[in-house]
2 protein chains.
Amino acid sequence: MEKTSDLVERMLAGDRLALARLITQVENRSDLVPQIMQRVHPRTGRAYTVGITGPPGAGKSTVVDQLTVRLRAEGRSVGIVAVDPSSPFTGGAVLGDRIRMQSHTLDPDVFIRSMATRGNLGGLARATGDVVKLLDAFGKEWVLVETVGVGQTELDIIRQADTIVVVLVPESGDSIQTMKAGLMEVADIFAVNKADRDGADSLVTEIKFMVHLHHVSPASSSEIDWEVPVLAVQAQHGIGIEELLTEIRRHRTTLESSGALAARRQARRRAELKAILTEEFLRQVSRRLEPEGDLAETVERVVAGELDPYSAAAGILGRLD
Amino acid sequence: MEKTSDLVERMLAGDRLALARLITQVENRSDLVPQIMQRVHPRTGRAYTVGITGPPGAGKSTVVDQLTVRLRAEGRSVGIVAVDPSSPFTGGAVLGDRIRMQSHTLDPDVFIRSMATRGNLGGLARATGDVVKLLDAFGKEWVLVETVGVGQTELDIIRQADTIVVVLVPESGDSIQTMKAGLMEVADIFAVNKADRDGADSLVTEIKFMVHLHHVSPASSSEIDWEVPVLAVQAQHGIGIEELLTEIRRHRTTLESSGALAARRQARRRAELKAILTEEFLRQVSRRLEPEGDLAETVERVVAGELDPYSAAAGILGRLD
């Protein structure tokens with residue numbers, strides 16, 4: 001197998017195949033991940049990351065596709081990461097969405113990668129963050145991260161973006177209401193897609209009202225003065241995408257000029273360190289918990305119900321110290 | 001403040017106020033949690049836990065309420081834990097649901113507790129598991145755990161049940177489709193609620209088909225031979241609840257007679273130990289990462305972007321060893 005350092009060198013020199021291989025390593029959380037990310041680190045921090053989230057069927061992929069068209073028309077290079085953490089069963093849906101983006105597959109300045117959960121939800125947010133860094137180091141000026149839904153994993157994924165766009169469509173249903181509420185907290189920009197549908201206008205009005213309430217509330221002490229814009233778009237017809245990109249850039253400028261971008265990224269690095277510490281700790285301790293490991297006996301006593309897990313954990317952590 | 005040991009003694013002697021106080025400690029993940037759970041441990045393992053999950057608006061609370069009525073009519077004691085991890089914004093919805101259960105609040109053999117996320121999603125599944133154990137130790141014969149949705153946290157919560165009931169309602173929408181797919185994996189029993197609505201029959205047929213495909217698939221190597229039953233219920237009118245309870249008991253008997261219940265609980269204890277180890281590790285390391293801690297300098301270098309987080313994590317774990 002090729003040496004990791006060579007693979008990283010080739011990637012940094014612009015080799016797409018090397019990039020794809022590194023992404024696979026990162027996605028599988030291989031033992032080489034720390035080594036890869038250490039080498040890549042000095043080349044990161046230049047890309048601007050936009051997260052696009054919302055319920056399934058909202059047309060997120062089409063929005064991503066159209067944003068890519070606009071950015072490419074300006075000569076910008078684009079990386080796309082599409083993540084579906086909800087279930088292995090829905091993996092097919094993402095792949096279906098990908099097909100719509102085939103218009104970009106021959107464009108060497110667009111790099112698209114789908115990531116689905118492989119039963120390892122915990123590591124998915126971590127893996128996504130590392131893939132974003134690889135695309136950043138590879139030289140992509142814009143990285144678009146698309147993800148579905150509003151669970152903890154999805155929030156962990158989307159919070160790694162600099163600007164977060166929430167895409168909604170006019171649709172009833174309690175579950176959408178719940179999602180909307182959850183997404184309120186993370187949205188920097190709302191895009192109401194399929195704006196020609198019945199109910200789109202009232203949805204725009206409703207979200208504007210929610211945003212306004214949220215904005216004036218003294219509890220929402222955001223680091224910048226930014227009232228979340230609510231746009232009506234029809235991504236399939238390219239309508240409203242120019243305005244969306246303008247708002248994304250306005251948000252970027254606001255973050256940059258206020259120093260909030262630097263603050264956000266610093267907070268992200270702090271959270272990242274904790275997540276990696278946890279991942280590495282579990283990786284190390286898991287080996288020792290295996291049947292051949294030195295902690296196996298304690299595990300067996302817990303499994304049999306003889307020992308409570310808190311006492312066991314205290315004992316194990318005492319031995320690790 | 002009262003000594004923890006006294007509080008536990010009083011709880012084990014049947015004091016509901018002591019139970020409520022201990023639950024609050026557990027919910028807030030106080031430093032006393034290990035001590036509480038160690039003392040409670042010998043008295044656990046007798047309750048049978050039923051998880052009730054499904055999308056918002058499916059009528060889960062009404063199902064829980066009606067199951068409670070039936071169990072109480074048989075003289076069984078019941079503990080109820082209702083968890084809404086989706087968002088702090090929806091906390092109100094759960095409280096609204098609780099009001100419907102007020103018929104039981106004067107019944108000393110029913111204990112109801114709502115839990116909402118307080119910004120600490122990671123600990124919520126752990127906290128729920130511990131609350132179930134407290135109710136178990138308190139002597140509740142049945143513990144019903146109700147939770148919304150299908151994210152990772154919700155799955156972590158619901159997987160702590162012995163039997164899992166998924167409640168659905170006839171409703172269109174892509175997001176429901178996604179949920180259905182995610183819930184397929186965990187359901188031991190499906191209940192289609194509001195079965196008098198349009199579309200209920202076809203939903204029952206559809207789920208039966210999905211269940212059948214899943215059951216015959218060689219990939220689904222379940223530890224027991226159990227084809228997931230799909231019931232039509234109208235919880236609000238008490239229709240189909242008797243049958244639901246019969247199926248829950250049939251599932252319980254199947255698990256018990258095959259030895260699968262013991263195996264499930266052992267697997268759960270193993271997962272629990274890992275979760276507690278992680279929680280305790282993070283609690284310990286977090287203190288050292290604080291500005292006054294001995295690892296603060298490393299953190300600052302990561303936050304400033306000077307040091308990559310993987311190198312930092314390796315360094316920190318090396319020092320902990």
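## Confidence

The predictor assigns the complex an ipTM of 0.82 and a pTM of 0.73. Chain A has an average pLDDT of 85, and 84% of its residues score at least 70.

Over residues 87-96 of chain A, pLDDT stays under 50. The model has 20 contacts beyond four places in sequence for that stretch. Where pLDDT is low, predicted coordinates should not be read in detail.

## Chain A overall

Chain A contains 13 helices and 7 strands. Of its 321 residues, 45% are buried. Among contacts in chain A with a separation of 6 or more, 72% are between residues 24 or more positions apart.

The chain is divided into domain 1 (1-43), domain 2 (45-258) and domain 3 (276-320). Taken over C-alpha atoms, the centres of domain 1 and domain 3 of chain A are separated by 32 Å.

## Helix H3 of chain A

Helix H3 of chain A spans residues 33-40. Its buried residues are A:Val33, A:Ile36, A:Met37 and A:Val40. Viewed down the axis of H3(A), these buried residues fall within an arc of 90°, so they line one face of the helix. An α-helix has 3.6 residues a turn, so residues three or four places apart point the same way.

## Strand S2 of chain A

Strand S2 (residues 78-84) of chain A is mostly covered, with 7 of its 7 residues buried. A:Val78, A:Ile80, A:Ala82 and A:Asp84 point one way from the strand. A:Gly79, A:Val81 and A:Val83 point the other way. Residues on both sides of S2(A) are buried.

S2(A) has parallel partners. Strand S3 (residues 110-116) of chain A is joined to S2(A) by 7 bridges, and the two run parallel. Strand S4 (residues 142-148) of chain A is joined to S2(A) by 6 bridges, again in parallel. A:Val83 takes part in both pairings: its bridge partner in S3(A) is A:Met115, and in S4(A) it stands opposite A:Thr147.

## Strand S4 of chain B

In chain B, strand S4 (residues 142-148) is mostly covered, with 7 of its 7 residues buried. B:Trp142, B:Leu144, B:Glu146 and B:Val148 point one way. B:Val143, B:Val145 and B:Thr147 point the other way. Both sets are buried.

S1(B) and S4(B) run parallel and are joined by 7 bridges. In this pairing B:Val50 stands opposite B:Leu144. Strand S2 (residues 78-84) of chain B also pairs with S4(B) in the parallel sense, over 6 bridges. Here B:Ala82 stands opposite B:Glu146.

## Helix H10 of chain B

Helix H10 of chain B covers residues 241-258. At 1.5 Å a residue, its 18 residues should span 26 Å; the end C-alpha atoms are 26 Å apart, which agrees. The buried residues of H10(B) are B:Ile241, B:Leu244, B:Glu247, B:Ile248, B:His251 and B:Leu255. Down the axis of H10(B), the buried residues fall within an arc of 120°, so they line one face of the helix. B:Arg249, B:Thr253 and B:Ser257 are exposed on the other side.

Several elements of chain B cover the buried residues of H10(B). They include strands S1 (48-54), S5 (163-168), S6 (189-192) and S7 (230-232). Helices H4 (60-73) and H11 (260-289) are also among them. Just after H10(B), B:Gly259 takes a positive phi of about 85°.

## B:Val211 in helix H9

B:Val211 is found in helix H9 (residues 200-216) of chain B. B:Val211 has 17 other C-beta atoms within 10 Å and is partly exposed. Beyond its neighbours within four places in sequence, B:Val211 is in contact with B:Glu227, B:Val228 and B:Val230. B:Val211 and B:Glu227 are 16 residues apart in sequence, with 7.2 Å between their C-alpha atoms.

Key
Residues numbered from 1 in each chain as written. Chains lettered and ligands numbered in written order. Predicted model: local features only at pLDDT ≥ 70, side-chain atom pairs only at ≥ 80, totals over all residues. Helix = DSSP H or I, 4+ residues; strand = E, 2+ residues; numbered from the N terminus. Expected span 1.5 Å × (residues − 1). Buried ≥ 20, exposed ≤ 12 C-beta atoms within 10 Å, placed from the backbone. Arc of directions from axis to C-beta. Contact = placed C-beta atoms within 7 Å. Domains from an automatic or database assignment. pLDDT = per-residue confidence, 0-100. Pairing = 2+ DSSP bridges.
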